[in-house]
Amino acid sequence: MKIGDYIHSGIYAGKYNDYHIICSLKEYEGPVRFSWYQAVEYCQELEMALPTKEELNLLYKLSKLVPDQFRTSRRSLYWSSTERSSTAACFQYFGDGTQIISNKTYGSHVRPIKRIKISEYRALT
């Protein structure tokens with residue numbers, strides 16, 4: 001399996017820590033932007049996860065390899081699960097890859113991921 005391949009209703013983004021990271025093809029494309037709290041809840045509803053800032057950076061790099069799957073991402077900010085305080089978290093601008101800390105009530109986009117433990121899913125390697 002290589003980065004950019006389609007698998008499990010998503011796109012393989014690579015490895016981070018002990019997990020394979022699968023980027024969901026279910027990017028929310030509605031007119032509403034999510035607060036950080038809503039982004040976490042949305043990912044849980046999909047039985048997926050909000051990516052950490054490191055995982056989100058994998059998705060940013062992936063967006064350069066398979067731009068057709070990231071059409072709406074090119075100039076968007078995406079929440080990460082990485083918190084800086086009880087009221088602030090990190091997000092990433094997909095225009096240039098900059099990571100920013102913001103208030104959790106700020107409206108931004110969400111790109112859910114699925115984590116598959118490497119030791120439990122050797123078929124991806």
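Predicted model: local features only at pLDDT ≥ 70, side-chain atom pairs only at ≥ 80, totals over all residues.
With a cut-off of 2.5 Å between cysteine sulfur atoms, the count here comes to zero disulfides.

Turning to the sheet, strands of a sheet pair through backbone hydrogen bonds, either parallel or antiparallel. Here three strands line up in the order 4-5-6, making an open sheet with antiparallel pairing. Strand 4 (77-83) and strand 6 (99-103) sit at the edges; each has a single partner strand, so one side of each goes without a neighbour in the sheet. Going from one strand to the next, the twist averages 40 degrees.

Strand 5 covers residues 88-93 and runs antiparallel to strand 4, with four bridges joining the two. Looking at one residue of this pairing, Leu 77 has Tyr 93 in strand 5 as its bridge partner.

Two helices pack on the sheet as well. Helix 1, made up of residues 36-45, touches strand 4 and strand 5, and its direction makes about 85 degrees with that of strand 4. Helix 2 (residues 53-65) also packs there, touching strand 4, strand 5 and strand 6. The direction of helix 2 makes about 10 degrees with that of strand 5.

Terms used:
Residues numbered from 1 in each chain as written. Heavy atoms only, no water. Pairing = 2+ DSSP bridges. Axes fitted to C-alpha atoms, helices over the stretch in contact; angles between N-to-C directions. Contact = heavy atoms within 4.5 Å.
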